[in-house]
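Student: I have a sequence and a model open. Can we go through how the helices pack, one question at a time?

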Amino acid sequence: MIEEKDLREEKEEADGEKSGEREYMYDAFISYRHAPLDMYVAETLHKKLENFKIPKIADKEVKERGKRGIKRIFRDRDELPLAGNLSDPITEALASSEYLIVICSPRILESIWCQKEIETFIEMRGIENVFAVLIEGEPEDSFPKQLCAIKKEITQEDGTVKVEEIPLEPLAADVRGKNKAEINKKMKAEILRLVAPMIGCSYDDLK
């Protein structure tokens with residue numbers, strides 16, 4: 001099963017909520033490679049995000065900005081087939097997610113499905129709503145190319161249009177550690193880098 005609840009049931013729940021109260025079914029979609037460490041971080045991050053409590057000192061400010069706490073995260077628990085397109089439930093979940101969180105390790109570069117999830121989400125929502133979580137390796141070896149540059153059309157003086165790649169530095173949380181204990185310790189602090197933009201406040205204010 002992709003989710004504990006059927007996607008159709010969750011969509012009905014979301015559609016039944018008051019207009020403007022909840023625009024997306026999911027606060028974020030976690031994209032990750034189905035390898036032991038990547039899966040562990042994805043699962044741990046999933047739980048931490050859904051259980052995150054906004055500090056009282058920031059709660060009033062968050063509500064004044066019309067934001068809310070984090071309620072629901074999508075994490076696909078199944079490995080996708082080796083060939084074909086993204087499944088309909090995955091595409092629907094991407095379209096129903098406000099943010100995309102990419103678990104970055106050298107292994108994600110080997111996954112055509114993670115690349116497709118990233119590309120599909122950027123087309124739908126824009127790269128500014130994509131966050132990276134570095135769990136292993138160096139950024140240049142672990143960040144998918146889709147997060148490191150965007151293509152932009154530049155009009156030349158003669159009127160011709162040239163497509164250039166503009167380098168980007170993705171918003172990233174660094175949770176690399178020698179073992180799971182170190183990773184968990186770093187995640188406790190670094191999760192604020194993800195939560196802050198999701199609930200509408202600055203990292204410094206939330207910290």
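Student: Within what distance do the axes of helix 4 and helix 5 come, and at what angle do they cross?

Tutor: This is a predicted model, where local features need pLDDT of at least 70, side-chain atom pairs count only at pLDDT 80 or more, and totals for chains, interfaces and linings use all residues. Residues are numbered from 1 along each chain as its sequence is written, and side-chain values use heavy atoms, with hydrogens and water left out. Axes are lines fitted to C-alpha atoms, for helices over the stretch in contact, with angles from 0 to 180 degrees between N-to-C directions. For helix 4 and helix 5, the axes come within 9 Å and cross at roughly 40°.

Student: Which word describes helix 4 relative to helix 5?

Tutor: Under 35 degrees is roughly parallel, over 145 roughly antiparallel, 65 to 115 roughly perpendicular, and the rest oblique. The crossing is roughly 40°. Therefore helix 4 and helix 5 are oblique.

Student: Which residues of helix 4 and helix 5 make the contact?

Tutor: Contact means heavy atoms within 4.5 Å. Helix 4 brings Ile-90, Thr-91, Leu-94 and Ala-95. Helix 5 brings Glu-117, Thr-120, Phe-121, Met-124 and Arg-125.

Student: Which residues of helix 4 are buried?

Tutor: Helices here are DSSP runs (H or I, at least four residues), strands are E runs of at least two, and both are numbered from the N terminus. Buried means under 20% relative accessible area, exposed over 50%, and partly exposed in between, with a 1.4 Å probe and protein chains only. Helix 4 spans residues 88-95, and its buried residues are Ile-90, Ala-93 and Leu-94.

Student: Is Ala-95 buried, partly exposed or exposed?

Tutor: Ala-95 is found in helix 4. Beyond its neighbours within four places in sequence, Ala-95 contacts Tyr-24, Met-124 and Arg-125. Its relative accessibility is 38%, so Ala-95 counts as partly exposed.

Student: How far apart are the C-alpha atoms of Ala-95 and Tyr-24?

Tutor: Along the chain, Ala-95 and Tyr-24 are 71 residues apart. Their C-alpha atoms are separated by 8.5 Å.

Student: Now helix 2 and helix 7: at what angle do their axes cross?

Tutor: Helix 2 covers residues 36-50 and helix 7 covers residues 180-199. Their axes come within 11 Å and cross at roughly 50°.

Student: What share of the chain is buried?

Tutor: The chain has eight helices and seven strands. Of its 207 residues, the buried share is 44%.
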